[in-house]
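Have the structure open next to the text and follow along.

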Amino acid sequence: MAYMMVSQQTPPINGKYLGDRECLHGTHYSSLVDSRIICRSFVHANVSRRLIYGWKFLTKDRKTKGKSDRQLISESRSGHLHVFASMGESSVGDPAQSYDEDSPMRLFTWPDSKRPRICILGGGFGGLYTALRLESLMWPPDKKPQVLLVDQSDRFVFKPMLYEILSGEVDAWEIAPYFSELLSNTSVLFIKDKVKTICPCYGLKGNGLQTSGNVGAVYLESGMKVEYDWLVLALGAEAKLDVVPGALEFALPFSTLEDAIRLEKQLRALERKKFGKSESPIHVIVVGSGYCGVELAATIAERLADRGKVQVVNVESTICPSAPVGNREAALKVLLARNVQLLLGYFVSSVRKAYNKKEPEVFEETSVTHTTPTGNTEDLFILDLQPVQKGLPSQTLQAHLVLWTVGAKPQVPSFDSSFQVQPFPISGRGQVEIDETLQVKGYPQIFAVGDSAGLRDSSGRLLPMTAQVAIQQADFAGWNLWAAINDRPLLPFRFQNLGEMMTLGKNDAVCAPTFVEGLILDGRVGNTARKLAYLYRMPTNEQRVKVGLSWLAKSSIDSIAGLQSAITQALGS
């Protein structure tokens, strides 16, 4: 018989500690044989093979006796549950996606019914930093909001440093800490789940609370309903691979921690397979020559060196067209020095796999199955290129890996079709249209930040989908939520471009800060400046200290190793 224990001492809910056989809503367990509950004591728990996240409930089904059990574990902080997760699941795996539509809806219970409820969808730069900003502000005792953060992953990912996973400069915990760690000293609640639909609300009463019957609601894929007074959309964007035939099946995106880990594993597998076979180099094609494409190509070219061949394909006639001239020139110099071939003025018309009778190999470490090239002719991927301008010939390329860095699809939650409400206004780029206070047009109780939000600058151009924009918007969103709840005027958002940075490999980067006109920092100096800037932008002081000490230790070890090598070479000569 399998058993489950929630905790050694069950945390208080609404100020009350639970008894040995009491469940979270205070009812004796023996009177609820078939209820969905979590009890403190050892209770037989037959749990279906899917993740279930929530505040009160755990599925019990007497028909599943004898099957393997899973435990729900909770993080107890500040007198209430903060995180629900399933033991045994990958930390970078997908959330539950098999919710039974016939199952009853479970309602998320907020700790206090008298204080405003803010639900933040998405735990990237926009969502997490908005939550931390709200936590840092001074609130009247009766108006301090309850903040719930919802994300489909249990990690925050510092995406601008994903390339360092490939170069080996950082460990995953340094750029992808768990939300449970980042929020451990706050009152922010967290649920790992995926947004299904939302139902917006109208009208406020005093104290920042919704009028009776007009509360908004978020429906999660696990079957939970979260009611809110204020909503923040910060779901970010995902790679868009379905615009070219074959790209979705055979190309690899590079925008998440899972993508970086998967690419690292496949590069490592190819390096092992090609070890000692100089006549058959590893062939990598990067589609797109924006910031992501250039950083990825430079990092992989440095890693493979003479063992590989890297090509970059882009429809534009130059790399990084939106970058400062100094950054673009420094990046071009590095790419040419590492023998990266630039195929500019071409677009990919299709991606296909060469004929192969073998079954695809599956990486068990990742949650996605992807065909892995083995180096034989039949294992290569084929890209058909068409020129943008007349006069250039069509081309056909072959590669072991195809990396896709062009196109992004903003994530905007759909509306519940059972409610007759006006959908969000959507821009031509697929983002929610917002006004200068970051409120969704037509929905004053809903804010949107980051890649999900479409806002134009003073010149009429849409703001770029970058971490810099999301971080600045999060600061304003937190303040404007404070102002709205406390009946103060909201501030208009104004983006301040602080400069552009890009990594070009291990200990190599280029930075162009805007506060000193014409200043370009490259090489090791640029790399140090970039890391210091990103260290400052880490979400919490605790994370800054831990990561800073780790980087300092690694730098010291590298310096000592370099000194020893120089001494050895000097003595040998």
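Helices (H or I, at least four residues) and strands (E, at least two) are taken here as DSSP runs, numbered from the N terminus. With that naming in hand, Asp508 falls in the loop between strand 26 (499-503) and strand 27 (509-513). Keep in mind that this is a predicted model.

Is Asp508 buried or exposed? Asp508 counts as buried because its relative accessible area is 15%, and the cut-off for buried is under 20%. Leaving aside residues up to four places away in sequence, Asp508 touches Val334, Arg338, Thr503, Gly523 and Asn527.

**The chain as a whole**

Zooming out, the chain carries 11 helices and 28 strands. Of its 573 residues, 50% are buried. If you take the contacts between residues at least 6 apart in sequence, 67% of them join residues at least 24 apart.

One feature to look for is an open sheet of 6 strands, in the order 6-5-4-10-24-23, with mixed pairing. Its edges are strand 6 (189-192) and strand 23 (439-440), each of which pairs on one side only. In general, strands of a sheet pair through backbone hydrogen bonds, either parallel or antiparallel.

| Strand pair | Bridges | Direction |
|---|---|---|
| strand 4 and strand 5 | 5 bridges | parallel |
| strand 4 and strand 10 | 4 bridges | parallel |
| strand 10 and strand 24 | 3 bridges | parallel |

Ile120 sits opposite Leu149 in strand 5, while Ile118 has Trp230 of strand 10 opposite. Moving on, Leu231 has Ile446 in strand 24 as its bridge partner.

Strand 10 is worth a look for its side chains. Trp230 and Val232 point one way, Leu231 and Leu233 point the other way, and all are buried.

Ile446, in strand 24, is buried too, because its relative accessible area is 1%. Not counting residues up to four places away in sequence, its contacts are Pro200, Tyr228, Leu231, Leu233, Phe424, Leu438, Gln439 and Val440. Ile446 and Gly216 are 230 residues apart in sequence, yet their C-alpha atoms are 9.7 Å apart in space.

Which strands does helix 1 touch? Helix 1 (residues 125-136) packs on the sheet against strand 4, strand 5 and strand 10 (230-233), and its direction makes about 155° with that of strand 4. Helix 9 (residues 467-485) packs on the sheet as well, touching strand 4, strand 10 and strand 24 (443-448), with its direction at about 165° to that of strand 10.

These two helices also meet each other. The axes of helix 1 and helix 9 come within 8 Å and cross at roughly 35°, and the crossing is right-handed. On the helix 1 side, the residues involved are Phe125, Gly126, Tyr129, Thr130, Arg133 and Leu134; helix 9 brings Ala467, Ala470, Ile471, Ala474, Asp475, Ala477, Gly478, Trp479 and Leu481. Sorted by class, that contact has 10 nonpolar, 3 polar and 2 charged residues.

**Another helix pair**

Helix 6 (residues 257-273) and helix 7 (residues 291-304) have axes that come within 12 Å and cross at roughly 30°. That angle is why helix 6 counts as roughly parallel to helix 7, as angles under 35 degrees do. Helix 6 passes helix 7 in a right-handed crossing. Leu263, Glu264, Leu267, Arg268 and Glu271 make the contact from helix 6, and Leu296, Ile300, Arg303 and Leu304 from helix 7. Here the class count is 5 nonpolar, no polar and 4 charged residues.

**Strand 7 and its partners**

Finally, go to strand 7 (residues 195-199). Because 4 of its 5 residues are buried, strand 7 is largely enclosed by the rest of the structure. Strand 7 is joined by 4 bridges to strand 8 (residues 216-220), and the two run antiparallel; in that pairing Cys199 stands opposite Ala217. Strand 7 also has 2 bridges to strand 21 (residues 414-415), this time running parallel, where Thr197 has Ser414 as its bridge partner.

How values were computed:
Residues numbered from 1 in each chain as written. Predicted model: local features only at pLDDT ≥ 70, side-chain atom pairs only at ≥ 80, totals over all residues. Heavy atoms only, no water. Pairing = 2+ DSSP bridges. Contact = heavy atoms within 4.5 Å. Axes fitted to C-alpha atoms, helices over the stretch in contact; angles between N-to-C directions. Parallel < 35°, antiparallel > 145°, perpendicular 65-115°, else oblique. Left-handed = near helix turned anticlockwise from the far one by under 90°. Nonpolar A, V, L, I, M, F, W, Y, C, P; charged D, E, K, R; others polar. Buried < 20%, exposed > 50% of the residue type's maximum accessible area, 1.4 Å probe, protein only.
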